Amino acid sequence: MQFDVVTIGGGFSGLIPACRAAEAGLSAAVLEARSEQRYPCSSRFSTGVGNIMGLPIMAEPDRIFRAVMEGSGANAHPAVARALATNGKRTIDWLSQQGATFVQRALQHDQPGQKVLAPPRRAIAGLDWQDRGPDLFMQRLEKNLMERGGAVMRGVRVEALAVEHGACVGVDAIRDGARQRIAAKAVVIADGGFAANRDMIAQYITPRADRVLCRVGPGAQGDGIRMAETAGAAIGGFGAFYGHIHHRNAMTNPQLWPYPHLDAAAELGVLVGPDGKRFTDEGLGGVCMANAVAQLPDPLSAILIVDDAIWRAEPGVTTTVPANRAMVEAGGELTSAATIETLAVRVGLPAAALVQTIRDHNQAVASGAFGRLAVPRSTRKHKPLPINTAPFHAVPLCTGVTGTMGGVVINEHAQALKPDDSVFAGLYAVGTPVAGLEGGPRAEYVGGISKSFVLGFLAGEHIANHIAVAH
């Protein structure tokens, strides 16, 4: 069996380059390990928001480029960051030609004017992906691919990259219980990172992988990264992830993820560990907080403390799924008390330590001297509120991993590189399994959909041009 291009993974990262290549007349196949017709995957579970570092995907390119470089702590590869920044509009235009329908909507108070696949998810707890924008567009892309002579091959698990003379020439896969070689002039790794692989979570994020929540589909096992490394590709950029903080019950209650999450309330209140003390800068936002919780000796030991004013105000600061009401209705208990001392006793925290933490917090809010806190707090992105209106509330937390950071090192065409920075001929990587765009000291997140959309489009375009010339 032979194709011009095969993609490993059937989400947007796999479908888009396959469709772009097939549009140019190349033979293309998407290899998807799951066998369901509408297989669960991170693309289907997503909100379909096209943003880059919180900016609209079609924002001014120089502005996006600066945001990626600054957000990553200058760890991003400049050429890849520039490619992402300058090709957003072209990508959205092409996706629209393929049948994507976008609406402009603010899904978070600090991210206005985003391109969102329509219809957007509803503001309800739990998963809500059937017949939402991402699900419908995936179906449309598959239809487009098949009409152009391509294929989506379900139930095919790729086990290794086929390499000859230093170039990728296909994959070795299991199909219908039998091992077979699928030859290809180009192979795209597009299998969604490793958020569902506890061993890799333990290796790259936290040794307590059993105590973090997986917020994505079951197929994100990191196989593409593993196979690329085995084949001789460069990998790197690990250590952080994109995710959110949730009620602890989300570990066992699927109605509590991917929404509601508690980022917006925590950006106004405080996070404390089992000692009753703050351990992170809540002002940096949800992704940074999620990473900080994961780094605790016990990632299930964090607790969110807010007062009633914050809890009642929380629906006004997020337009996704507000935790107020939705969290409790979905099965996440809220512990409340008339005083901080009583609240501490009820949730098993040292009362004196928690009282002091809240006192210090309130003094910093009143004076603006957040730098004097034991753990300084930034206010550029999110300004906290005082915690002084009874009743006071506590929420036990877990951290949820949506998209892992780090993976295959690529260039501006999404071509995989070798450790000496030379191109790994025939091998590409797109979406979550790539390195060189995010992370840094604040675990800043580029945007999973944007990496799939733009890098997928660029990979497909480069493959089409390269193979067309070869033909």
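These numbered points cover the aromatic pairs, charge-over-ring contacts, sheets and cavities of a predicted model.

1. Aromatic pairs overall. A search through the whole structure turns up 9 aromatic pairs. A pair of aromatic rings is described by the distance of the centres and the angle of the planes.

2. F194 and Y204. The rings of F194 and Y204 make a tilted pair, with 5.5 Å from centre to centre and 50° between the planes. F194 belongs to the loop between β10 (178–189) and α7 (198–204), while Y204 is in helix α7, so the pair ties together parts that are 10 residues apart in sequence. F194 has a relative accessibility of 1% and therefore counts as buried. Y204, at 18% relative accessibility, also counts as buried, because the cut-off for buried is under 20%.

3. Y242 and Y445. This aromatic pair is stacked, with the centres 3.6 Å apart and 5° between the planes. Y242 is in strand β13 (residues 241–247) and Y445 is in the loop between β21 (434–435) and α15 (448–470), so the pair ties together parts that are 203 residues apart in sequence. Both Y242 and Y445 are buried.

4. The phenylalanine cluster. F12, F102, F137 and F453 are linked into a cluster by ring pairs. F102 falls within β5 (102–105), an edge strand of the sheet described in point 6.

5. Charges over rings. Two arginines are placed over aromatic rings. The charged end of R82 sits over the ring of F65, at 3.8 Å from the ring centre. R215 lies over the face of Y259, and here the distance to the ring centre is 5.9 Å.

6. The sheet of 4 strands. An open sheet with antiparallel pairing has its 4 strands in the order β4-β3-β6-β5. Its edge strands, β4 (55–56) and β5 (102–105), each pair on one side only. The antiparallel pairing of β5 with strand β6 (residues 114–117) runs over 4 bridges. Across this pairing, R105 stands opposite Q114 in β6.

7. The sheet of 3 strands. A further open sheet has 3 strands in the order β12-β18-β21, and its pairing is mixed. β12 (235–236) and β21 are at the edges with a single partner strand each, so one side of each is left without a neighbour in the sheet. Strand β18 (residues 407–409) pairs with β21 in the parallel sense, over 2 bridges. V408 stands opposite V434 in β21.

8. Cavities. The structure holds 2 cavities of 30 Å³ or more. The second largest cavity contains about 50 Å³ of space. Its lining is made up of G237, G406, V434, A435, G436, L437, E438 and K451. By class, the lining residues of the second largest cavity are 3 nonpolar, 3 polar and 2 charged.

9. Q139. Q139 is placed in helix α6 (residues 133–147). With a relative accessible area of 32%, Q139 is partly exposed.

Methods:
Residues numbered from 1 in each chain as written. Predicted model: local features only at pLDDT ≥ 70, side-chain atom pairs only at ≥ 80, totals over all residues. Heavy atoms only, no water. 1 Å grid on protein atoms, 1.4 Å probe; cavity = no way out; pocket = protein on both sides within 12 Å on 5 of 7 lines; lining within 4 Å. Points joined across faces, edges and corners; volume = space filled by probe spheres on them. Nonpolar A, V, L, I, M, F, W, Y, C, P; charged D, E, K, R; others polar. Phe/Tyr/Trp six-rings, centres within 6.5 Å; stacked < 30°, edge-to-face > 60°. Buried < 20%, exposed > 50% of the residue type's maximum accessible area, 1.4 Å probe, protein only. Lys NZ or Arg CZ within 6 Å of the ring centre and 35° of its normal. Pairing = 2+ DSSP bridges.
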